[in-house]
Amino acid sequence: MADDQAPICVTVLYSPAPRQVREWRVMLPQGSSVLHALEASGLHAEFPDVDLSCAAVGIWGRSAPLDQALRD
């Protein structure tokens, strides 16, 4: 049985241009959202012009809202 308090590991990917992909692996507490992962990734520090309020985000190629809960 999995520990409900164990952190989850997620990978955040961002493509700033065709054939370019930036990847971050982050550890987050259970119940974290897509927005939490984006904030923890450092994406905004590296790409300050990205506006998360209107960015297209998804999980495994499917559109997802910023408040979507994540799992390992």
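The following dialogue explains how to read several features of this predicted model.

Biologist: On what basis are the values given, and how are residues numbered?

Modeller: The model is predicted, so local features need pLDDT of at least 70 and side-chain atom pairs count only at pLDDT 80 or more, whereas totals for chains, interfaces and linings use all residues. Residues are numbered from 1 along each chain as its sequence is written, and side-chain values use heavy atoms, with hydrogens and water left out.

Biologist: Which pattern does the protein chain follow along the sequence?

Modeller: Helices (H or I, at least four residues) and strands (E, at least two) are DSSP runs, numbered from the N terminus. The protein chain has 2 helices and 4 strands, in the pattern β-β-α-α-β-β.

Biologist: How is a pair of aromatic rings described?

Modeller: The distance of the centres and the angle of the planes describe such a pair. Rings of Phe, Tyr and Trp (its six-membered ring) pair if their centres lie within 6.5 Å; planes under 30 degrees apart count as stacked, over 60 as edge-to-face and the rest as tilted. The structure holds 2 aromatic pairs. In one of them, the ring centres of tryptophan 24 and phenylalanine 47 are 6.5 Å apart and the planes stand at 85°, so the pair is edge-to-face. Because tryptophan 24 lies in strand 2 (residues 20-28) and phenylalanine 47 in the loop between helix 2 (43-46) and strand 3 (58-59), the pair ties together parts that are 23 residues apart in sequence. Tyr14, Trp24 and Phe47 form one aromatic cluster.

Biologist: Is tryptophan 24 buried or exposed?

Modeller: Buried means under 20% relative accessible area, exposed over 50%, and partly exposed in between (1.4 Å probe, protein chains only). Tryptophan 24, at 9% relative accessibility, counts as buried, while phenylalanine 47, at 21%, counts as partly exposed. Of the 72 residues of the protein chain, 25% count as buried.

Biologist: Which residues is serine 41 in contact with, leaving aside its neighbours within four places in sequence?

Modeller: Contact means heavy atoms within 4.5 Å. With those neighbours left aside, serine 41 is in contact with Val12, Trp24 and Val26. Serine 41 is found in helix 1 (residues 34-41) and, at 7% relative accessibility, counts as buried.

Biologist: What does the side chain of serine 41 reach?

Modeller: The side chain of serine 41 reaches the backbone oxygen of leucine 38 at 2.7 Å. This is a polar contact, namely a pair of N or O atoms within 3.5 Å; within protein, one must be able to donate a hydrogen and the other to accept it, and residues adjacent in sequence count only if both atoms are side-chain atoms.
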